[in-house]
Amino acid sequence: NPYGEWLDTKMLCLSDLKIPNKKVPNHSKEDRKKLQKAFGYSYEELTTSILPMALNGAEGIGAMGIDIPLAVLSNQHQPLFNYFKQLFAQVTNPPIDCIREDIVTMERMYLGSEGNIIDPKSTDARHISLESALITDEELSALSLYKSKGFAAKKFPILYKNGGDGKVLKKALDKLFKDVSAAVDNGTNLIILSDRGADGENAPIPALLAVSGLHQYLVKTSKRHMCSIILESGEPREVHHFSLLIGFGVSAICPYMAYATIKDEIDNKHLALDYKTAVDNYIDAARHGIVKVLSKMGISAVKSYQGAQIFEAVGIGEEVINNYFTSTASRIGGIGLEDIQKDVEMQHSKAFDPLELHTDETLDSRGAHKMRSGKEEHMYNPETIHLLQLATRTGDYKTFKEYSALIDKEDSVRNL
């Protein structure tokens, strides 16, 4: 078949789409702070992740190893992303050096309906090509308003009414799946999931839960090949978040709150760059980070990583795994859908506090990277570090045994 000709005549690039004159919704400073809190942003994430990415176009450098409790054992708010761990190639599939072997890595993603691979036709090449999975607010607007033969976009809110019973999140997810399924039957093939309408009454459904749950629902109903899933969410902001979303089925991500946070930092004179340069740097850093993550599995194309679910869940209950993360490795049980809902509503209530008990505009620091009093527990805390230094300086074996006993004590890494 003349595949090259098909691609030349049928495939579009995202850059070919006309960017609409319609302005991207802009949040006030007060609303921005509320949304950051609702989505679980922390001061540490801002200073050690988002700002370095926007400033340098690369992830911030940190020490290896995590000495805090698993997400399921922590008393601090943990986004659903933190309950998943990336698997990596061990024997049969060697990892790729993503820096030196950059030439073999493909970041392009494609939007549109998939055809029958056994009986290919020219219309199967009718796709929109993206340079990477991350897109800007303006590019998302262009996609949502694009109208042409073979493409139909529709936006679906991933929100639910705050303050209902323990089943309200499940009901919202069930409604979302049915609404999307009906739209796909009617020809919609660009599914945009959006939590941009989050406010005091409407809480956001965790982005990973919505994406993976919808992906699995469409697979089970034999409709997954008929559409692409695009996410517009304020929740994802780190490379791990983006990698998980792609791994569980998303084709494109617009992390609008991360962009709004970058604008906020520029306005506050904390970032000496213009907005477009800072956002481009942030996207470049995220792109390189995603490639780094998938290269650990020896995968050289982001498209091959999409929907591959190369993660294991640690601390999520069997019912949630079976319904929303089907076939994901999960060796232990853990939280259920009602627990996830409670966690979302706790964050939401702090952000949109009707009694104004939490009026501090500064982001909370959970102490995940550095020890902070009253925050996340660390195995290596001031007491253990002091004992290790003292034992090393004095050569006192008794002091070293005190140190090792404290490290080995299970309760030292659990705040239960």
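Visitor: Is Phe400 buried, partly exposed or exposed, and at what relative accessibility?

Guide: Phe400 has 35% relative accessibility, so it counts as partly exposed. Keep in mind that this is a predicted model.

Visitor: Which residue does the ring of Phe400 pair with, and what is the geometry?

Guide: The partner is Tyr403. The ring centres are 5.8 Å apart and the planes meet at 45°, so the pair is tilted. Tyr403 counts as buried because its relative accessibility is 10%.

Visitor: How should I read their spacing in helix H14?

Guide: An α-helix has 3.6 residues a turn, so residues three or four places apart point the same way. Phe400 and Tyr403 are three residues apart in H14 (residues 397-408), which means about one helical turn separates them.

Visitor: How many aromatic pairs does the structure hold?

Guide: There are 14. One of them joins Phe177 and Tyr324, tilted, at 6.3 Å centre to centre with 50° between the planes. This pair links distant parts of the chain: Phe177 is in helix H5 (residues 168-185) and Tyr324 in helix H11 (residues 318-324), 147 residues apart. Phe177 is buried at 4% relative accessibility, and Tyr324 is buried at 5%.

Visitor: Which residues form an aromatic cluster?

Guide: Phe84, Phe248, Tyr305, Phe311 and Phe325 form one.

Visitor: Where do arginines sit over rings?

Guide: The charged end of Arg196 sits over the ring of Tyr256, 4.3 Å from its centre. Arg237 lies over the face of Tyr41, at 4.5 Å from the ring centre.

Visitor: What is the strand order in the open sheet of four strands?

Guide: Strands of a sheet pair through backbone hydrogen bonds, either parallel or antiparallel. Here the order is E5-E7-E9-E10, and the pairing is parallel. E5 (153-157) and E10 (252-254) stand at the edges with a single partner strand each, so one side of each has no neighbour in the sheet. The twist averages 20° from one strand to the next. E5 pairs with E7 (residues 190-194) over five bridges. Phe156 stands opposite Leu193 in E7.

Visitor: Why is helix H7 largely enclosed?

Guide: Eight of the nine residues of H7 (residues 239-247) are buried, so the rest of the structure largely encloses this helix. Among the buried ones are His241, Phe242 and Leu245. Gly249 follows H7, with a positive phi near 120°.

How values were computed
Residues are numbered from 1 along each chain as its sequence is written. This is a predicted model: local features need pLDDT of at least 70, side-chain atom pairs count only at pLDDT 80 or more; totals for chains, interfaces and linings use all residues. Side-chain values use heavy atoms; hydrogens and water are left out. Buried means under 20% relative accessible area, exposed over 50%, partly exposed in between (1.4 Å probe, protein chains only). Helices (H or I, at least four residues) and strands (E, at least two) are DSSP runs, numbered from the N terminus. Two strands pair if DSSP finds at least two bridges between them. Axes are lines fitted to C-alpha atoms, for helices over the stretch in contact, and angles run from 0 to 180 degrees between N-to-C directions. Rings of Phe, Tyr and Trp (its six-membered ring) pair if their centres lie within 6.5 Å; planes under 30 degrees apart count as stacked, over 60 as edge-to-face and the rest as tilted. A charge sits over a ring if NZ of Lys or CZ of Arg is within 6 Å of the ring centre and within 35 degrees of the ring normal.
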